[in-house]
Amino acid sequence: MTRGFAPLVEEYRGGVLENVHYGAVSVVDEQGRVLYRAGDPEHMTFLRSAAKPFQAIPGMKRRIDRVYGLTPEETSLFAASHRGEEYHITALESILRKTGVREEQLHCCMTYPLNEEAKAKRHQAHEPKRRIFHNCSGKHSGLLALCKHMGWDELTYYMPEHPVQREIVETMADIAEFPASRIPLGVDGCGLPIFALPLRNIGLAYLKLACPDLIGDEDAREAASAIAGLMNDYPDMIADRRFVCSALLKDPNLAAKGGAKGVYGIGLRKERLGISLKVSDGSEQVWPCIIASILERLGYENRETIARLYALEPNIIVNDGGTVVGERKAVFELEA
């Protein structure tokens, strides 16, 4: 184990070990107690886009979706890492029209969609890069709409000392049961402040997202319930039709969201468990293998969810011509 990480996945080619993906896994109960682990559950981890459901809570507390007449499908984009498909962009343009937020106000950079086919269509149409093509543009739109509603400065909404960013950190600290004064801050890929927490506390936060009755503040409880419900109702808005987040969110028992550099959080409603994981090399390709293996080791009943994960990224490795040339294996044990 290196720096709190344990081997999670091994990849073989021609029977020879080619890659090892290290990381850490934590499974917690309602009291935040670590029931099972692989690696160090106290490893400090930036949530990256796994923070988005919690970053949406200040806006959902004020029900800005109702203030601006947004549809539930549009509102779900506040927690999304969308892949830039046409239906994402159509919904984002509608959000901007209804809220009066201008695209140039979004602090995220101009780019092309993440999905290759969606990107190719924009290139073929000779369209320029746009801010709403950025996978975080739904989050930015929601925060700006909240600032507009509250009369907060819209120009500096991305700065750590801005009221909306301070409230986000305080909300995260309360839900994750970790002192705000001890939360390290960084800058996310989209330019907004992002924070790090121990994996154990990330798992606890996702348990509360799945089971908001565990959240003490009534307004935050209702807001968390609302955004988590929208994520399950519109899973393809959260990523796309062929991505881990959407595959998991099709299961109404799960609250789930991943972030850049291999971090993932999952809450299980029926079982009242929180799961968090970090792949140390940042790989997202091994998420399905790891998450499916965790669910199998926990005896998870919904085999359809596990099958969807394996369908996304089978444990066989194929070459460019589609020939099977190797396999990947989950090699971790969940230690009590």
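How many helices and strands does the protein have? In this predicted model, the count is 14 helices and 11 strands.

Let's start with the overall dimensions. The C-alpha trace spans about 60 × 50 × 35 Å along its principal axes. For a chain of 336 residues, a compact globule would come out with a radius of gyration near 20 Å, and since the protein has 19 Å, the two agree.

The contacts tell you how the chain is put together: take the ones between residues at least 6 apart in sequence, and 63% of them join residues at least 24 apart.

On to the charges. There are 41 positive and 46 negative ones in the protein, and their mean positions lie 2 Å apart.

Now for the cysteines. Counting a disulfide as a pair of cysteine sulfur atoms within 2.5 Å, you get zero disulfides here. Cys147 is in no disulfide, and the nearest cysteine sulfur, in Cys190, sits 14 Å away. Cys147 is also buried, with a relative accessible area of 0%. Cys245 counts as buried because its relative accessible area is 2%, and the cut-off for buried is under 20%.

Conventions
Residues numbered from 1 in each chain as written. Predicted model: local features only at pLDDT ≥ 70, side-chain atom pairs only at ≥ 80, totals over all residues. Heavy atoms only, no water. Helix = DSSP H or I, 4+ residues; strand = E, 2+ residues; numbered from the N terminus. Rg over C-alpha atoms; globule rule 2.2 N^0.38 Å. Contact = heavy atoms within 4.5 Å. Lys, Arg positive; Asp, Glu negative; His and termini not counted. Charge placed at Lys NZ, Arg CZ, Asp CG, Glu CD. Buried < 20%, exposed > 50% of the residue type's maximum accessible area, 1.4 Å probe, protein only.
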